[in-house]
Amino acid sequence: MLSLQNQRQPKTTPLVDDYEVSDTVLGLGINGKVVQCTHRLSKQNYALKVLLENEKARREVDLHWRVSECRHIVNIIDVYENTYRGRKCLLVVMECMEGGELFQRIQDKADSAFTEREAAQIMHEICAAIDYLHSRDIAHRDLKPENLLYTTSQPNAILKLTDFGFAKETFSNYTLQTPCYTPYYVAPEVLGPEKYDKSCDIWSLGVVMYIIMCGFPPFYSNHGMAISPGMKKRIRTGQYDFPDPEWTNVSKAAKDLIKGMLNVDPSERLRIQDVISNKWIAQYNDVPQTPLCT
Ligand SMILES: O=C(c1ccc(-c2ccc(Br)cc2)o1)N(Cc1ccccn1)c1ccc(N2CCNCC2)cc1
C-alpha cells in the first residue's frame, strides 16, 4: 500500500550541474557507497550516497527523507534521480558528518571507554533518534556504532543516526480503520507483526550501551570470529554478564537499564519511551562521572 505521505520528488536535473563529485569514498552503506561532493556555488562539502534505483532504494530514501528533520538523524539536503552509465540512480546529498563514527571514538578509547556520564549523554542522543523513528512507526533495524556519526570532531559535536538501508515501516495492516478481516478469524500475527521490528532496535540499543560502558560487547564468539554457535546460543538465551574489573564501579541503574533492553522476550523488552524516560538517561547530567577505564 503506497503511503499517502506528501512524498518529496527527486530532482531530475544532472547532479553534476550543482555539485562537483570527488572520488573520496567516505564509507559504504548497505545499499550503496558514500562519496564526498562539493556544492559548486557555496563550496560547501556534503556526503553523496549513490543508490541504484529500485524498490528497496526508493523505500530507503522515502523513509530517511521523512525523518531527516530530526536533530539526531543525518539530514538529507537533496535527492536527484539521474541516469548514470545507462542505469537509473538515486543520488542522496546529505550533510557531511566530519566527526566520524561512534565506533571509531570507542576504538580510540582503546581498552577503556567513556565516563558513565559521557555514556549517558551518548545514549540520550541515540534514544532521541530512535524515539523520533518509533513514534512515526519506523524501525531502523540496523542500529550499530558504525551507523552513528558525529557532525564534527569538536567536543560539542552532535551524534546522528544514518543508513536507512534496513529501515521499515511498522504500521499494522490491521487497524480499526481498515478491518479487512472478519475479526473472528484474524490470526494474532496479523494484528501486530510489526512490534518486533521496533523491539529489535531496543535490543541493539542495549548492546551499544553495554559497549560504550566497557569497550567490548556483551555477546561475542570466543575466537574473535564474526558469529559462532556458542555466541548464537548465548544471544538467544540472554547469557551475558558484567565482568569485573570493567563493571565493578558501574551504577546499578545503568546495569538495570541494560538488563531491561537485553530482555530475550521482545514483548517484555523495554520500549523506547521506557528507555528515554529512565532516570539514568533523562537526567544524564546527574549521572556520576565515574571513569569507566579498565
Ligand atoms: O570481539 C571482541 C571484542 C572486543 C572489543 C570489541 C568491540 C566490538 C565493537 C565495538 Br563498537 C568496540 C569493541 O569486540 N572480543 C571477542 C574476542 C575474543 C578473542 C579474540 C578476539 N576477540 C573480546 C575481546 C576481549 C574481551 N575482554 C577483554 C578483557 N576483559 C574481559 C572481556 C571481550 C570481548
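**Figure 1. Surroundings of Thr151.** Setting aside neighbours within four places in sequence, Thr151 is in contact (heavy atoms within 4.5 Å) with Glu95, Cys96, Met97, Glu98, Gly99, Ala157, Ile158 and Lys160. The model is predicted, with local features requiring pLDDT of at least 70 and side-chain atom pairs counted only at pLDDT 80 or more, whereas totals for chains, interfaces and linings use all residues. Residues are numbered from 1 along each chain as its sequence is written, and side-chain values use heavy atoms, with hydrogens and water left out. Thr151 occupies the loop between strand 8 (148-150) and strand 9; helices (H or I, at least four residues) and strands (E, at least two) are DSSP runs numbered from the N terminus. Its relative accessibility of 15% places Thr151 in the buried class; buried means under 20% relative accessible area, exposed over 50%, and partly exposed in between (1.4 Å probe, protein chains only).

**Figure 2. Thr162 and Leu149.** Thr162 lies in the loop between strand 9 (159-161) and strand 10 (168-169) and is buried, at 11% relative accessible area. Beyond neighbours within four places in sequence, the contacts of Thr162 are His64, Val74, Met94, His140, Asn147 and Leu149. Leu149 belongs to strand 8 and is likewise buried, with a relative accessible area of 17%. With neighbours within four places in sequence again excluded, Leu149 is in contact with Met97, Gly100, Glu101, Ile158, Leu159, Lys160 and Thr162. Between Leu149 and Leu51 there are 98 residues of sequence separation and a C-alpha to C-alpha distance of 20 Å.

**Figure 3. Nonpolar cores.** A nonpolar core is a set of buried Ala, Val, Leu, Ile, Met, Phe, Trp, Tyr and Cys residues joined through side-chain atoms within 4.5 Å. The largest such core comprises 57 residues, and Leu102, Ile126, Leu205 and Trp280 have the most contacts inside it. Helix 6 (residues 195-214) makes the greatest contribution to this core, with eleven residues. Apart from neighbours within four places in sequence, Leu205 is in contact with Met123, Ile126, Cys127, Leu143, Met261, Ile272 and Val275. A second, separate core has twelve residues, including Leu51, Ile76, Met97 and Leu149. In soluble globular proteins, nonpolar side chains tend to be buried together.

**Figure 4. Ligand shell.** Around the ligand are 13 residues, of which Phe103, Gly215, Pro217, Tyr220 and Glu246 come nearest; a residue is near the ligand if one of its heavy atoms lies within 4 Å of it. The protein covers 58% of the 710 Å² of accessible area that the ligand has on its own, as computed by the Shrake-Rupley method with a 1.4 Å probe. An N or O atom in the side chain of Glu246 lies 2.8 Å from a nitrogen atom of the ligand. Helix 3 (residues 102-108) gives the most to the shell, namely three residues. The shell divides into seven nonpolar, five polar and one charged residues; Ala, Val, Leu, Ile, Met, Phe, Trp, Tyr, Cys and Pro count as nonpolar, Asp, Glu, Lys and Arg as charged, and the others, Gly among them, as polar.

Figure 5. Most residues other than glycine have a negative phi, and most peptide bonds are trans. The peptide bond from Asp244 to Pro245 is cis, with omega near -5°, and Pro245 is located in the loop between helix 7 (229-236) and helix 8 (252-261). Lys43 has a positive phi, near 60°; this exposed residue, at 60% relative accessibility, is in the loop between strand 2 (32-39) and strand 3 (45-52). For Asp137, phi is also positive, near 60°. Asp137 lies in the loop between helix 4 (116-134) and strand 7 (138-139) and is partly exposed, at 32% relative accessibility.

Key:
A polar contact is a pair of N or O atoms within 3.5 Å; within protein, one must be able to donate a hydrogen and the other to accept it, and residues adjacent in sequence count only if both atoms are side-chain atoms.
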